[in-house]
Structures are given as structure tokens and as C-alpha cells.
Amino acid sequence: MIQYFSEVFGAFFAILKGMSVTFKTMLKPSITVQYPTEKLVPFSGFRGALLFDAETCISCNQCVKACPSYCIQLENAVNETGKKVAKVAWYSIDFGKCNFCRLCEESCPTKPKAVWHSKDYELTFFRRDEMVRCWKKGFDFVGLYWDRATKDFRKPEGQVQIQTTQERFQY
Amino acid sequence: MSNSPAAPELKSDQLFVNLGPQHPSTHGVLRVGLTIEGEIVVKAVPDIGYLHRGTEKLAELRGYHHCVVISDRWDYLSAMNNNLMFCLAAEKLLKVEVPERAQHLRVAMCELNRIASHLLFFGTFGIDMGAFTAFLHAFREREMVLDLFEMSCGARLTYNYIRLAGVMKDVPDAWVARCREFLEFFKPRLKEYDELLSFNPIFLDRTKGVGAISKAAAVDWGLSGPNLRASGVDYDARKSEPYSGYEKYDFDVPLGGDGDCWDRYYCRVREMHESIKIVEQALAKLQPGPILGKGVAKVPKPVPGEAYVHVEGARGDLGCYLVSDGNMAPYRMHIRAPSFINLAILQEMLVGERMSDVIAILGSIDIVLGEVDR
Ligand code: SF4
Ligand code: SF4
């Protein structure tokens, strides 16, 4: 009987002790953010969604070889006489396969990098078509996706871009 | 009775219960087929493979640089240790040296990752035992470690930071100060954890004396890491076969006594103390210098041969066996996954335990299903 009550009181005091930690923490400023309205900006060097610049790219295939999931594809551009030039006709990254590992960015020989990570961590897709981002001359760095149903390029609407935190480009 | 978890033949007073594969306390997709008699478990068969991605096979088609990325995906809660393990094995094949600064950075990252991983264990084990507050505290601190990783390599879970012959890039200037700040913040928190959870009588009642593993059984089943040390076996790859310069660090290996759930839990909490010590020493040793060694080609092709390397991961003895036939991809890669081997003892341990203790035991083993299934 005495043991029973001492156990009950022991547990009770332990809860009080634990609660004291809770109360101490309660008085400290809050560390959570209200996500969709408040957004944290990642540190520089964050490996977010990839951006690509068709003007800088010299179509050297280094990134294609460096990619561990083989999710980059590109095609050389040709000039009027049918000779290959150091530009891409189109370039695409399958974000459904991408590991966000930065091997492509590291292997890219151009300055500034033709393919690089943005700070965009809100990469979401509604359909599988949206996962394959495509770039061509004249497209912006975010790229467009090919909609197989309507057969045209579309802006990636599933992606909520953190518009102010891109490193190389302001929207 | 067959060993298959599905449809065992039951006696009339027995009941077959599926624990998982979506049970929250399994921390992933693990199914345990439990046969119970009243409240007592008479047979337990863990059923794994729900997360099998065939990464060992995949590595045979990928270059050595690519394999580092793959290694992130085994034990995703302590990916730095996986990176290190693979890189050490590949470096052994390639016979390249790692610069001093990179060594210390590697050690600091791995220990920080150990802290993050043990914090996650601490939090989720608390939840399994019905203590929710500890989880929130643990995740607050874990967030800080992940911020440190985000600062240094840009990712929060799959780092790909440790590379062949070095690390991905140097840490920014503010990193060291921020890391020290975190360690100072973290030390008193560990004391709070003891108040919150470790010596709480309710928690003690649920974990003390539950699921004890004897020294002999622990060795027989090939346990490693905190699970082994909780049973009182002094084995730590960082001490017995130091790698990455661990022999120059001064730290203790916490040992338990009875090998019950509480011992396994407290072993990890004390390992966090030791990790803090190691990180502090690593930061003190950090001198400016190169972070990437020479001699690693863009597509490395090591001479034919084999290498086995094991490191002390957050969950135990993490080993990598690599065979090279001179091509750009490994001929064979095999991973000694500590979670997988630690999980095996479950089928013996759970027998005779009460149904309510199953969760405590499963939680205390601390498995990561990504590593179990690979
Ligand atoms: S980040 Fe990695 S996985 Fe993604 S495209 Fe670049 S190399 Fe490939
Ligand atoms: S993105 Fe860079 S690495 Fe890839 S083809 Fe263009 S220039 Fe070469």
C-alpha cells in the first residue's frame, strides 16, 4: 500500500519535473514558423530545383554523364548547313528522377554555370508531365514542361516558386 | 509452423496479429507477424523488403562518384556515415590520400549526424512510450544540426557531402561559430532530456527490464552499435579499428549493463555526450588547407581488387565490401547494414514478451527501414 502511493507520488513529481522543463521552454520565443504564410529562406548553396540557361550552355554533355540517375537529356543544335554547334537545341531534366545532388552543377564547365541549383524547395507536381522540365532558346531559367494532352509547352503551375530567393535571376 | 509471416497454423487459443507494415512505431514499412496467446507473444516473424530498391545491384551500373549519391539512401537518418563508409572503401581501392582538413570535417559531420540520428531516436522512442514532449524538444535540436548541414552542403537529409578523397566543399566561415553555438546550446539540453524522459518513473517502468539481451546473445546475433554496447560488450569500430583519424580523438565508449530497453536508450543519450566532445575536438583541430585530395579522376577506374571497410555508424557497424574489376563501376558492392542484422534478433527477443512491450522493444532497437531493405 505504502509502496503503491509512493510510486504514484514519484510519478507525480516526475511529471512536475518534466513540466518545469516545458514551462521554461514555454517562456522562450517561439521557434516555429507558420509555413505557407511565413517562409524560411534556405542558406546559400542550397540544393533546390535546378535552373538552366540555354544561352550559356555549350552542349558538352558533362552533366549528362555526371548525373547518377541519368535524368538529363539534351540535343545538340545544328546550324543551317546541318553542322553541330556548341549550343543545345533542347535540354530537359526529369525532376521525378532527380536526386538534387549537385553533381551536374559541379561538372558544368561554363562560367557562370549553365545548370545550377536554385533555392526553390517547393517543387510540387500535379501531373507526371510536369516533372520533365524542358528548356530551349528563349525559355526562361525555370523552363517549361511539355503537356502531352494539349501538345504545347506550359508554365509549371504546380510549382510555387519562392520568387525572391533565386540566386542568379530575379523574377 | 512455417517461418513465413503469412497465415501460420494457429492453435485454438492463439491469435495472429499483423504489426505494420504501416504501423507508426515501425518507423517505416516493417511488418512483424505476431502470434499471441492472450497477451504473450509466442512467435514473431519480421517481414522485410517493402522498401527494397536494389541499390547494391544498381551500384554495379553506376560510377564511383554516383555511388556516393546512392549511399545517401540507405540509412537516410545518418547519411554522412554512409557517405564516409563508401568513400573509405573506394579510397582504399583507388589508393588516394585524404587531406587533413577534410578528415576533420568528415569526423565533425559524422558526429553531428550521429547526434541528429540519436535525437530522432530519442524523440520517436519517447512517442512510442507515450511521451510526446520529448519529441518536440529533440526535433528543435535536430533542426539546428540539419541547418548546419544545409549550410555546409545544401541538403538536409541526403547530403552527398563526403566525396572520394575529400569533401564536397569547404564549410563557410560562419559555420564553425554556428556549430560551436549549437554545441553550447545542446549541452544543457541533454540534462533536460534526463529530467523529461530518462529518469521519469513511468518511462522507467515501461523500459527497465524489458527486452533484455544478454551479452552472449548480443554477440551471437551479431548486434553492433548502441544495441551491442548496451549489453556491456565493449566494441566500437572507432576505437578498435580507427578510421579518418579517430585515434587522435579523446572520447569514451558508453556501455550499458543489462541490455534492456532503457540501457539501449540511455546508451544513445550518452553517446550524444561523447559526440559533442568529438565535434569540439574536430573543430579545434580544423586548420586551413585543401579539402579535396588529388588523384581521383572524373570517372575513376580502380585497379582490380577488393576492399572491405567498416565504420561505426549511428546504428552500428556499417560495412562496405567493394570489388573492382577495373571498370568504371564496382563489380560488386555489398553493404553490411547494421539495422538489418540488429533486426534479426527480434524474432527471438519478442517471444515471451507482452504485447504492450513489443513497441518498446522494436523502438529501442532503432532500425531504419531504408537500410534494412536497401
Ligand atoms: S542534381 Fe543530380 S540527379 Fe539531379 S540532374 Fe543534377 S546530377 Fe542529376
Ligand atoms: S549544362 Fe553545362 S555541363 Fe551540361 S551540357 Fe551544358 S555546358 Fe555542358
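Predicted model: local features only at pLDDT ≥ 70, side-chain atom pairs only at ≥ 80, totals over all residues.

**Ligand 1.** I found 13 residues around ligand 1, and the ones that come nearest are A:Cys67, A:Cys98, A:Asn99, A:Cys101 and A:Cys104. Sorting that shell by class, I got nine nonpolar residues, three polar and one charged.

**Domains of chain A.** I checked how chain A is divided up. The domain assignment gives domain 1 as 1-30 and domain 2 as 50-164. I also looked up the spacing: the centres of domain 1 and domain 2 of chain A, taken over C-alpha atoms, are 56 Å apart.

**A:Ser118.** Where does A:Ser118 lie? I found A:Ser118 in the loop between strand 4 (115-117) and strand 5 (132-135) of chain A. Is A:Ser118 buried or exposed? Its relative accessibility is 1%, so I put A:Ser118 down as buried; the cut-off for that is under 20%. I then looked at what its side chain meets: a polar atom there lies 2.8 Å from the backbone oxygen of A:Ala49.

**Chain B against chain A.** I turned to the interface. On the chain B side 30 residues are in contact, and on the chain A side 31. Between them the two chains bury about 2400 Å², and 55% of that is on carbon and sulfur atoms.

**B:Val253.** Last stop, over in chain B. B:Val253 lies in the loop between helix 10 (237-240) and helix 11 (261-285) of chain B. I get 16% relative accessibility for B:Val253, so it counts as buried. Leaving out residues up to four places away in sequence, I see B:Val253 touching B:Arg229, B:Asp234, B:Asp236 and B:Lys239. I also checked B:Val253 against B:Cys267: the two are 14 residues apart in sequence, and their C-alpha atoms are 9.1 Å apart in space.

Terms used. Residues numbered from 1 in each chain as written. Chains lettered and ligands numbered in written order. Heavy atoms only, no water. Near = heavy atom within 4 Å. Nonpolar A, V, L, I, M, F, W, Y, C, P; charged D, E, K, R; others polar. Domains from an automatic or database assignment. Helix = DSSP H or I, 4+ residues; strand = E, 2+ residues; numbered from the N terminus. Buried < 20%, exposed > 50% of the residue type's maximum accessible area, 1.4 Å probe, protein only. Polar contact = N/O pair within 3.5 Å; in protein donor to acceptor, adjacent residues only side chain to side chain. Contact = heavy atoms within 4.5 Å. Buried area = accessible area lost by both parts, 1.4 Å probe.
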